[in-house]
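Thanks for coming, everyone. Please look at the slide, and then I'll walk you through it.

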Amino acid sequence: MNKRVLLTVILSGILSILLTACGTNASWEEEKDIQMSDRIVTEDVQVEWELDDNQASDKETLIRLHMTNNGKPIEDFDISHEKLLHLIIVSKDLSYFNHVHPEYKGKGVFEIINEFPAGGEYRLAADFKPADASSMTKTQWVTVIGETAETEAVTVDDILEKSVDGKNVSLSFDSPLEAGKETTLKFTVNDEGTNQPITDLEPYLGSIGHVVVFSEDGERYLHVHALEDQGSGPDALFETTFPESGIYKIWGQFQKDGEVFTVAFVVQLPPE
């Protein structure tokens with residue numbers, strides 16, 4: 001056997017081994033695809049929303065959320081911002097705001113009691129993270145039975161400065177507001193009496209504060225995250241992107257001396 005024939009035989013053997021290995025890898029890839037298909041994705045998650053009492057004002061109403069993945073209860077959830085579930089409740093006119101944390105009852109069920117101020121429509125937004133899944137948000141309009149309150153107009157603030165619980169809080173942006181552009185929100189907290197900077201803000205839900213945003217019609221919801229490694233005031237920085245032009249209401253929540261205080265601003269993004 002000459003050298004050329006011998007080399008051909010050797011190369012043929014190597015090629016055969018590689019083809020066999022590729023066949024094995026194909027099986028491994030199929031197994032990997034099967035494993036990946038078990039991962040929970042937002043599109044497959046459904047939330048059944050229940051209001052047991054459907055009463056307003058002087059009645060406590062039980063809110064129940066039942067979470068399923070492809071029809072099966074989601075059993076396990078990861079803690080996100082120190083809680084298993086964050087539930088934001090706003091009235092249709094955005095005048096009422098509440099941020100609560102329902103208790104996990106098992107088998108995908110969360111429950112909490114809430115006192116709605118009046119009957120009418122409310123927007124509920126749930127932020128949570130099933131185990132082996134990304135963080136996700138589910139929203140729903142619900143109707144609470146009872147006497148309705150007079151609707152308050154969502155009015156754009158000419159001056160982004162508010163007083164709440166003995167604090168002066170101002171809001172500014174790193175650049176003019178523009179839809180689709182990342183924006184840094186800066187809250188600055190001073191003492192209302194002395195106008196001195198407050199530098200002892202306490203961590204709230206694992207960061208310097210918590211910010212959520214709703215569009216005027218309640219259809220667009222943003223859960224805004226604080227920048228990492230911030231101090232304790234007076235400035236608190238958050239990054240977000242407003243999806244489109246229009247009017248938005250922004251709620252900032254902070255903690256001092258063990259008490260959480262909430263401040264709200266209304267801004268308008270110009271037409272694109």
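Start at Asn168. Setting aside neighbours within four places in sequence, Asn168 is in contact (heavy atoms within 4.5 Å) with Glu161, Lys162, Ser163, Thr188, Val189, Asn190, Glu192 and Asn195.

A word on the source. This is a predicted model: local features need pLDDT of at least 70, side-chain atom pairs count only at pLDDT 80 or more, and totals for chains, interfaces and linings use all residues. Residues are numbered from 1 along each chain as its sequence is written, and side-chain values use heavy atoms, with hydrogens and water left out.

Back to Asn168. It sits in strand E11, residues 167-173; strands are DSSP runs of at least two residues, helices (H or I) of at least four, numbered from the N terminus. Is Asn168 buried or exposed? Buried, at a relative accessible area of 14%. Buried means under 20%, exposed over 50%, partly exposed in between, with a 1.4 Å probe and protein chains only.

Next, a sheet. Four strands form an open sheet in the order E5-E4-E8-E9, with antiparallel pairing. Pairing takes at least two DSSP bridges between two strands. The edges are E5 (97-100) and E9 (136-144), each pairing on one side only. Strand E8, residues 120-128, pairs with E9 over nine bridges. There, Ala126 stands opposite Lys138 in E9.

Finally, the whole protein. It has one helix and 17 strands. Of its 272 residues, 41% are buried.
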